[in-house]
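Have a look at the picture first, and then read on.

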Amino acid sequence: MPADPDGWMVAGPDGPAPPPLAVARSVADSAMGHGEVIALDAGLAGEFATYGLGGRVPGVRIDRRESGGSRIRLRVVARYGRPLSELGDEVRSAVRAGLAELGVEASVEVHVADVVEARSPGGARALRGGSA
């Protein structure tokens, strides 16, 4: 699959890769589609996000890799009860499937920024953070 001249996004044979903001929105949708992901986390100051024309996507960051191509990192808040490594693998697979629909290849890293326990509908209590 060819890369654009800057090595920014890797696209399929049908044309150039979509803009990073569109890719970030797809990543966010894929991650939020997992039943154990409560939210995406933008960090303490809200700086962990992808910015572009038309807005920002908190909790998803797309970086250029020094070796070429892209790295997609996301920070999720998960529901308590699942092993974090399993959750990370499932979210990573869902994100990769969404990227494949866009014709984009990138490495995907999932960080579980927080784990919450559902106390009641609409309410949650933070328990701990971790990595997957």
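Helix α1 covers residues 20-32, which makes 13 residues, and spans 18 Å from its first C-alpha to its last. That is close to the 18 Å expected at 1.5 Å a residue, where the expected span is 1.5 Å times one less than the number of residues. Helices (H or I, at least four residues) and strands (E, at least two) are DSSP runs, numbered from the N terminus. The model is predicted: local features need pLDDT of at least 70, side-chain atom pairs count only at pLDDT 80 or more, and totals for chains, interfaces and linings use all residues. Residues are numbered from 1 along each chain as its sequence is written, and side-chain values use heavy atoms, with hydrogens and water left out.

Which residues of α1 are buried? They are Leu21, Val23, Ala24, Ser26, Val27, Ala28, Ser30 and Ala31. Here, buried means under 20% relative accessible area, exposed means over 50%, and partly exposed lies in between (1.4 Å probe, protein chains only).

**The whole chain**

The protein chain has two helices and nine strands, arranged along the sequence as β-α-β-β-β-β-β-α-β-β-β. Of its 132 residues, 39% are buried. Contact means heavy atoms within 4.5 Å. Among contacts between residues at least 6 apart in sequence, 56% join residues at least 24 apart.

**The core**

A nonpolar core is a set of buried Ala, Val, Leu, Ile, Met, Phe, Trp, Tyr and Cys residues joined through side-chain atoms within 4.5 Å. The largest one here holds 25 residues, and those touching the most other members are Val27, Val60, Ile72, Leu74, Val91, Val95 and Leu99. Two or more residues come from each of α1, β5 (60-64), β6, α2 (84-102) and β8. Helix α1 gives the most, with six residues.

Val60 shows what such a place looks like: leaving aside neighbours within four places in sequence, its contacts include Ala24, Val27 and Ala28, along with Ile72, Arg73 and Leu74. Over in strand β8 (residues 107-120) sits Val110. Val110 counts as buried because its relative accessible area is 5%. Val110 and Arg75 are 35 residues apart in sequence, yet their C-alpha atoms are 6.2 Å apart in space.

**A charged network**

Side chains of opposite charge can pair when their charged atoms come close. A salt bridge is a side-chain nitrogen of Lys or Arg within 4 Å of a carboxyl oxygen of Asp or Glu, and the whole structure has eight of them.

| Salt bridge | N to O distance |
|---|---|
| Asp63 and Arg71 | 3.2 Å |
| Asp63 and Arg73 | 2.8 Å |
| Glu109 and Arg71 | 3.9 Å |

Salt bridges that share partners join Asp63, Arg71, Arg73 and Glu109 into one network.

Is Asp63 buried or exposed? Asp63 counts as buried because its relative accessibility is 18%. Arg71, at 25%, counts as partly exposed, and so does Glu109, at 34%.

Arg73 lies in strand β6 (residues 70-79). Besides Asp63, the residues in contact with Arg73 include Phe48, Gly59, Val60, Arg61 and Glu109, leaving aside neighbours within four places in sequence.
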